[in-house]
Amino acid sequence: MSLDEPCVKGGSYMIELEHARQLLTMAGKDLAALKAMTDRDSFAEEIFGFHAQQAIEKCLKAWLSALSVQYPLRHDLAELLGLLNKQGRDTSAFKHLISYTDYAVAFRYEQAEDVAPQLDRPAVCAEVQQLYDHVQKVIEQ
């Protein structure tokens with residue numbers, strides 16, 4: 001499977017909905033990890049940011065899957081939000097989350113403290129929780 005190949009292949013809606021639930025469960029695990037990583041002395045900025053990005057990415061892909069929308073296997077949060085916008089979904093409350101894309105790749109191999117502003121960890125947890133809760137409602141509908 002190439003990076004350009006979609007993950008959701010237009011199967012039955014129930015299969016896609018189950019896939020959405022699985023992705024959201026995985027996002028919940030990343031969110032739980034985030035909430036446990038608020039101590040800066042114990043967890044590096046790039047590790048915290050990576051889990052934030054992963055939770056956001058999985059939430060967005062769960063949302064797309066619940067809508068039966070194909071998505072690429074990339075970490076670009078702007079691209080995922082763009083796909084949701086094309087479906088007529090209002091993503092304006094989550095647009096600022098695009099900035100976490102850098103934590104998926106760029107900061108995995110360099111120290112984020114040297115190039116990125118320090119994250120407000122409780123605020124990040126709250127932002128990711130807001131997205132998680134929103135996607136959970138979409139899936140339950």
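The model is predicted: local features need pLDDT of at least 70, side-chain atom pairs count only at pLDDT 80 or more, and totals for chains, interfaces and linings use all residues. Residues are numbered from 1 along each chain as its sequence is written, and side-chain values use heavy atoms, with hydrogens and water left out.

## Exercise 1. The overall plan

Find how many helices and strands the chain has.

**Solution.** Helices (H or I, at least four residues) and strands (E, at least two) are DSSP runs, numbered from the N terminus. The chain has 4 helices and 0 strands. Along the sequence the pattern reads α-α-α-α. Residues 24 or more positions apart account for 69% of them.

## Exercise 2. The faces of helix 4

Check the span of helix 4, then work out where its buried residues lie.

**Solution.** Begin with the span. The expected value is 1.5 Å times one less than the number of residues. Helix 4 covers residues 121–140, 20 residues, so it should span 28 Å. Its end C-alpha atoms are 28 Å apart, which agrees.

Now sort by burial. Buried means under 20% relative accessible area, exposed over 50%, partly exposed in between (1.4 Å probe, protein chains only). The buried residues of helix 4 are Arg-121, Val-124, Cys-125, Val-128, Leu-131, Tyr-132, Val-135, Val-138 and Ile-139. Seen down the helix axis, they fall within an arc of 145°, so they line one face of helix 4. That arc is taken from the directions from the helix axis to the C-beta atoms. On the other side of helix 4, Pro-122, Lys-137 and Glu-140 are exposed.

## Exercise 3. The largest nonpolar core

Identify the core residues that touch the most other members.

**Solution.** A nonpolar core is a set of buried Ala, Val, Leu, Ile, Met, Phe, Trp, Tyr and Cys residues joined through side-chain atoms within 4.5 Å. The largest one has 38 residues. Ile-56, Leu-60, Trp-63, Tyr-100, Leu-131, Val-135 and Ile-139 touch the most other members. The elements giving two or more residues are helix 1 (13–36), helix 2 (45–66), helix 3 (77–86) and helix 4. Helix 2 supplies the largest share, 10 residues.

## Exercise 4. Inside helix 2

Decide whether Lys-58 is buried or exposed.

**Solution.** First place the residue: Lys-58 is found in helix 2. Lys-58 has a relative accessible area of 16%, so the residue is buried. Leaving aside neighbours within four places in sequence, Lys-58 is in contact with Leu-23, Met-26, Ala-27 and Asp-30.

## Exercise 5. Cysteines

Find how many disulfides the structure holds.

**Solution.** Apply the cut-off: a disulfide is a pair of cysteine sulfur atoms within 2.5 Å. The structure holds 0 disulfides. Cys-59 is buried, at 1% relative accessibility. Cys-125 also counts as buried, at 7%.

## Exercise 6. After helix 2

Find which residues Leu-67 touches.

**Solution.** Leu-67 sits in the loop between helix 2 and helix 3. Not counting residues up to four places away in sequence, Leu-67 touches Leu-84 and Arg-89. The C-alpha atoms of Leu-67 and Val-138 are separated by 8.7 Å, although these residues are 71 apart along the chain.

Key: Contact means heavy atoms within 4.5 Å.
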